[in-house]
Amino acid sequence: MKKFLLYIVKIFVVTALIAVFLDGLYTYIFMHSKNRGKIESVVNSEVQKYDVVILGSSRANNHFVSQMFQDKGIKTFNYGMSGGHLFEASLMLKLMIERKYQIKNVILEADLNLSNDKQSEGVSAKFLPFIHNSEVIKKHFEHEKDFNELHFIPFYRYIKYDSKIGFREMFKIVKKEETNALDNLGFYPLKKHKNGNMKNNIVSLNPLPHNKYYEEIKSICKKNNINFIAVMTPMCENVVGMNYFDKVKKAYPEIHNYENTVIEDKYFSSCGHMTDEGAKMFTARILKDFFKK
Amino acid sequence: MFFNSLAFAIFLPIVFFLYWFVFNKNKSTQNALLIVASYYFYSCWDWRFLFLLVFSTFLDYYTGIQIEKGKSEKSRKFWFWLSIIVNLGFLGIFKYYNFFAASFAEMFTSFGFKVSPVLLNVILPVGISFYTFHGLSYVIDIYYKRIKAEYNFVDYSLFVSYFPLLVAGPIERATHLLPQVKLKREFDLEKAKEGICQIVWGLVKKVVIADTCAVYANAIFDHYTSMNTFSLILGAIYFAFQIYGDFSGYSDIALGVSKLFGIDLLRNFNYPYFSRDIAEFWRRWHISLSSWFRDYLYIPLGGSKGGLWMKIRNTFIIFIVSGFWHGANWTYIVWGFINAVYFLPLLLSNSNRNNIDSVVLKWDLESLKTIFSILFTFLLTCIAWVFFRARTISDAFLYLRRIVTDWNFSLQYLDNERYNYEIIVMVGIFVLVEWFNRTKVEPISGKNSLLKIALAIMAIIAFGTYSDYKEFIYFQF
């Protein structure tokens, strides 16, 4: 029996060593990834200077045409992340500050995402390879319930989120396979879909009165002398009359309501996402209102 | 509590420790502990069905004794049929009632009569098909005087409810398992090490092969109408490896866990995809079920001894019943029927036992023929698996029709944001590893086992699929 227990101990030691080795290997590879996503590109970047940084969910990613800012001589990048919540937007801004980015304006898409202050696991997972290399990431996750496992158990984070940061993703980095996340200065244009879902019931949705991460972004901007512009972006005709945007305005008077800048369904790919054409109309309005030179 | 869950990873060492260090005085204490552990294991799914398990155990225990004690043939027959009817009755109610009710209603509707059958809102108790078959074989063997009835209730209960085999087999025989539980088990280092190797290999099959293949197979089967020939062929292959990795992986873990307690279970899989014909495939796939049906259905029906029609009838009965055992759906019945069609020519030409020896390849023409036979058998198996996996029979036919009509072999991007070819290399490596170890129970034990364990663990950690977690397929049967 003693021999068997020794054998089991050996297996555990081997398993632990493998986990440590794989953790180091994966992290090393992620630390050298620059062209697969916005998060890696910020983590692994040098100092950058921006006139405008755009943050938010897919409703930022698909709605702010960065090139239109650039054409006006405003250096811009759209860091909106599809599926992301304010948890990730806030962390992204903190990372930029940690990497000593010099930013003049932050435009934050703050509307539907104000209704929760939880992480979006699919997006937040992509920060986790760097949890040991960035104090900001570590602190941001510190209050999450599985922080200890993610931080202290070697390779656990790569197992838990294997579809996001597991072997396939690691292998794609090694192969230097690019994504389109960084194309068009971070803006992802959408086309009109014949079967696009034009219904979105937001009647029962309520913005949190004090969204933790919205407030955090606001205070980071204040602390770093960054001009903070929060906007609500348009939605399709179906949501007209559902007073979610009014509720947001009431709770956060400083957020600019652009719900009705583009209304017609023909400018929408789905109810919450405008087409490229709609995005251009919306961006033109933002430029006119905030960056008129 | 799944074998690949954290709960089981905590449960197993606790039971192991108690078994060898606290309850190791004699076989009774060992058995008592294993029963308590088994009942706890089972209750983790749904404690209410524990009563069904206990009732089934008690029924077969009692009827077994009554059959043996029976003075007249009439009384023996009475207890025998009581056990058969109650056992099959439970199985029928929980597993098949809704299927029959709905099928009859459909049939009446097609004749113009509108019928609204009363359907039962019950869930299938996990493992019912397995423990019912344990009990049935025990009672049948006593009735035919092949074995003596077990008078020790604790020993008998362990035979029925032993946790490694309780929910998905292998389907044990009293002649094999009962003698083992009647003796005190002494710790055997080599057996325990073999058990660990088998558990690790089972996990590789489940987490690395089955669950990963499932991600691709599901994406292809669920959207088969938009898939091209190449994707559909890959979909069928992926499902073949999904179900093999899933079920044989479970069996490997079950056998490995049992070895840790000093108990050998029946081997359930023997590299079935290296079979040279369908008859050999069925001697290597789900061996405990195939042999159960052979001994308790096929042979009593006359087996292959009667005339031509008798042979044909018996072949179809055994395969269709075997298909139906898997689930109450016409797709399983058709799957069984197709296998009967595959098997019949071999039986009628007396070549169903041609490939008994293990496969040996040399650099000659005969070996080329062997490779072709293996690939052809695999092709036949994959076609049958399409029926097993498809939601309906017409889906299966449409799937197969699309393979031969679409004739487009381009690489497709699947709905789950993966390319359809991405895991071919992994499946290929898995096949090679199994091929070069086909004479062993599993590829890990033997020389350099610790190194092989390390590689297997690395594969489990790095290549396993965790986010698209799948429970074991055979739990639903």
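Mentor: A crossing is left-handed if the near helix is turned anticlockwise from the far one by less than a right angle, and right-handed if clockwise. The structure is a predicted model, in which local features need pLDDT of at least 70 and side-chain atom pairs count only at pLDDT 80 or more, while totals for chains, interfaces and linings use all residues. Residues are numbered from 1 along each chain as its sequence is written, and chains are lettered from A and ligands numbered from 1 in the order in which they are written.

Trainee: What is the handedness of the crossing in which α14(B) passes α15(B)?

Mentor: By that rule, α14(B) passes α15(B) in a right-handed crossing.

Trainee: Why is α14(B) called roughly antiparallel to α15(B)?

Mentor: The axes of α14 (residues 330–348) and α15 (residues 365–389) of chain B come within 8 Å and cross at roughly 160 degrees. Angles over 145 degrees count as roughly antiparallel, and therefore α14(B) is roughly antiparallel to α15(B).

Trainee: Which residues meet where α14(B) touches α15(B)?

Mentor: Contact requires C-beta atoms, placed from the backbone, within 7 Å; among the residues that meet are W335(B) and I338(B) in α14(B), and F387(B) and F388(B) in α15(B). The residues of this contact divide into nine nonpolar, two polar and no charged.

Trainee: What makes chain B as compact as a globular protein of its length?

Mentor: The radius of gyration of chain B is 23 Å, close to the 23 Å that the globule rule (2.2 Å times the number of residues to the power 0.38) gives for 477 residues, so chain B is as compact as a globular protein of that length.

Methods: Axes are lines fitted to C-alpha atoms, for helices over the stretch in contact, and angles run from 0 to 180 degrees between N-to-C directions. Helices (H or I, at least four residues) and strands (E, at least two) are DSSP runs, numbered from the N terminus. Angles under 35 degrees count as roughly parallel, over 145 as roughly antiparallel, 65 to 115 as roughly perpendicular and the rest as oblique. Two residues are in contact if their C-beta atoms, placed from the backbone, lie within 7 Å. Ala, Val, Leu, Ile, Met, Phe, Trp, Tyr, Cys and Pro count as nonpolar, Asp, Glu, Lys and Arg as charged, and the others, Gly among them, as polar.
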